[in-house]
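Please examine the sequence and the three-dimensional structure shown below. The briefing that follows describes them topic by topic.

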Amino acid sequence: LQRFLAHPESVNETYLQHAYFALSFSVAMFLGAIAAFIHAILPPLFQTTTRRIIYKLHERINNRS
């Protein structure tokens, strides 16, 4: 059990806090991937969406307490 909880504790989070953080990242990355895929087929659409998502995720990681 301690091994299971070691990582969340190492970033000062409970298991549920860490699960929420990781799942919210997963959803954002998934949406960014969909936007990039659509942009690849239809270049006028979602021109900056994936970049904005990446910047926001980068900021969240760097400002984590």
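**Briefing on the structure**

Apart from neighbours within four places in sequence, His18 is in contact with His7, Pro8, Val11, Glu13 and Arg64. The model to which these contacts belong is a predicted one. The protein contains 3 helices and 0 strands, and its elements follow the order α-α-α from the N terminus. The points below begin with His18 and then turn to other parts of the model.

- His18 belongs to helix H2.
- The relative accessibility of His18 is 15%, and His18 therefore counts as buried, the cut-off for a buried residue being under 20%.
- The side chain of His18 is joined to the side chain of His7 by a polar contact of 3.4 Å.

**Overall form**

- The C-alpha trace of the protein spans about 50 × 20 × 15 Å along its principal axes.
- The protein has a radius of gyration of 15 Å, whereas a compact globule of 65 residues would have one near 11 Å.
- Of the 65 residues in the protein, 22% are buried.
- Among contacts between residues at least 6 apart in sequence, 42% join residues at least 24 apart.

**Helix H3 and its two sides**

- Helix H3 comprises residues 49-62, which is 14 residues, and from its first C-alpha to its last it reaches 20 Å, close to the 20 Å expected at 1.5 Å a residue.
- The buried residues of H3 are Thr49, Thr50, Ile53 and Leu57.
- These buried residues fall within an arc of 95° when H3 is seen down its axis, so they line one face of the helix.
- An α-helix has 3.6 residues a turn, so residues three or four places apart point the same way.
- Tyr55, His58 and Glu59 are exposed on the other side of H3.
- Helix H2, which runs over residues 15-41, is included in what covers the buried residues of H3.

**The largest nonpolar core**

- The largest nonpolar core consists of 5 residues, namely Phe21, Phe25, Ala28, Ile53 and Leu57.
- H2 and H3 are the elements that give two or more residues to this core.
- H2 provides the largest share of the core, with 3 residues.
- In soluble globular proteins, nonpolar side chains tend to be buried together.
- Phe21, a member of this core, also touches Glu13, Arg60, Ile61 and Arg64, when residues up to four places away in sequence are not counted.

**Loop residues with positive phi**

- Asn12 is in the loop between helix H1 (2-10) and H2.
- Although Asn12 is not a glycine, it has a positive phi of about 65°.
- Asn12 has a relative accessible area of 66% and is therefore exposed, as the cut-off for an exposed residue is over 50%.
- Phe46 is in the loop between H2 and H3.
- Phe46 is likewise a residue other than glycine with a positive phi, near 55°.
- The relative accessible area of Phe46 is 39%, and Phe46 is partly exposed.

**Ile41 and Val11**

- Ile41 lies in helix H2 and is exposed, with a relative accessible area of 54%.
- How far apart in sequence and in space are Ile41 and Val11? They are separated by 30 residues in sequence and by 39 Å in space, C-alpha to C-alpha.

Note on methods. Residues are numbered from 1 along each chain as its sequence is written. This is a predicted model: local features need pLDDT of at least 70, side-chain atom pairs count only at pLDDT 80 or more; totals for chains, interfaces and linings use all residues. Side-chain values use heavy atoms; hydrogens and water are left out. Helices (H or I, at least four residues) and strands (E, at least two) are DSSP runs, numbered from the N terminus. The expected span of a helix is 1.5 Å times one less than its number of residues. Buried means under 20% relative accessible area, exposed over 50%, partly exposed in between (1.4 Å probe, protein chains only). The arc is that of the directions from the helix axis to the C-beta atoms. Contact means heavy atoms within 4.5 Å. A polar contact is a pair of N or O atoms within 3.5 Å; within protein, one must be able to donate a hydrogen and the other to accept it, and residues adjacent in sequence count only if both atoms are side-chain atoms. A nonpolar core is a set of buried Ala, Val, Leu, Ile, Met, Phe, Trp, Tyr and Cys residues joined through side-chain atoms within 4.5 Å. The radius of gyration is taken over C-alpha atoms; the globule rule is 2.2 Å times the number of residues to the power 0.38.
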